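This briefing concerns pairing between charged side chains. Please consider the sequence and structure shown below before reading on.

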Amino acid sequence: MTLRERRLWKQASVEEIKDFVTQAYNQEVENPCPVDKMRAFTDNIRRTSCGECVICREGILQLNVLAEGITQGTGRDGDIEVITEVSDNLIIGSCCNYGKEVGKITKKIIESDQEQFEKHIKRRRCDAVVCKKFFSYYVAPEKCNGCNKCVDQCLKKAIDGGKDLIHIIDSSLCDRCGECVTVCEAFAIQKAGPVVPKVPTKPIAVGSFDNQLQNGGGLMTRKRRRRSE
Ligand code: SF4
Ligand code: SF4
Ligand code: SF4
């Protein structure tokens, strides 16, 4: 959308603007991660700002860049304060209600979910396991039936296994695209936060996992490796 094609929100009514902004927010309301919610909301809403005043145009973009950085694991101390300040600036200084309504929503998000923002920044954790940098996929060995469907789906060749074997995912090759999840009818491919449950270190026969668990051999519970940025 070019600047010329953008709507002149100054000419719209207060209710019209509120409805539009609320509708954009509602598209994300089910998103369980507040940081990703702010990233997606600001990414969407910045595209329909008329761009006439700097506070709205640059402010929403700045919020989007900050939220995106936090979801990518590059958040820094002070980001929360900047997000709050930019939101306040939007509320106070925007030329029309568009920027003000956006600022009210982003301020509400940061105030009600500050703890989650802090966890992303300081502990590199996403409790909702939404942010790709903060989770890994693993195959739950007790659920995998060895159908082998996921292997062909993985363009990164991150899945090891074969017919009738419990498959395993190499986290260092996986880019968290989620494609394998869509073909696994057994719902065996799951997300894990910092600690991954016990899984075999190499493919083993379907059904033998319980024995291995009892014998304690060839299993690993791993702290997820941090990927280099
Ligand atoms: S606040 Fe400014 S940039 Fe944003 S829509 Fe209104 S007039 Fe345009
Ligand atoms: S993880 Fe799912 S798709 Fe892959 S082999 Fe196991 S059951 Fe099949
Ligand atoms: S999430 Fe994507 S890259 Fe990772 S194992 Fe599944 S298909 Fe492969």
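This is a predicted model: local features need pLDDT of at least 70, side-chain atom pairs count only at pLDDT 80 or more; totals for chains, interfaces and linings use all residues.

Side chains of opposite charge can pair when their charged atoms come close.

**Arg39 and Asp36**
- A salt bridge joins the side chains of Arg39 and Asp36, with an N to O distance of 2.7 Å.
- Both residues belong to helix 2 (residues 34-46), where Arg39 and Asp36 lie 3 residues apart, about one turn of the helix.

**Arg46 and Asp43**
- The side chains of Arg46 and Asp43 form a salt bridge at 3.3 Å, N to O.
- About one helical turn separates Arg46 and Asp43, because they stand 3 residues apart in helix 2.
- Arg46 has a relative accessible area of 27% and is partly exposed; Asp43, at 22% relative accessibility, is likewise partly exposed.

**Lys149 and Glu185**
- Lys149 and Glu185 are paired in a salt bridge whose closest N and O atoms are 3.2 Å apart.
- This pair links distant parts of the chain, 36 residues apart: Lys149 is in helix 7 (residues 149-153), and Glu185 is in the loop between helix 8 (179-183) and strand 5 (189-192).
- Lys149 is partly exposed at a relative accessible area of 39%, while Glu185 is exposed at 61%.

**Network**
- Asp43, Arg46 and Arg47 are joined into one network by salt bridges that share partners.

Notes:
Residues are numbered from 1 along each chain as its sequence is written. Chains are lettered from A and ligands numbered from 1 in the order in which they are written. Side-chain values use heavy atoms; hydrogens and water are left out. A salt bridge is a side-chain nitrogen of Lys or Arg within 4 Å of a carboxyl oxygen of Asp or Glu. Helices (H or I, at least four residues) and strands (E, at least two) are DSSP runs, numbered from the N terminus. Buried means under 20% relative accessible area, exposed over 50%, partly exposed in between (1.4 Å probe, protein chains only).
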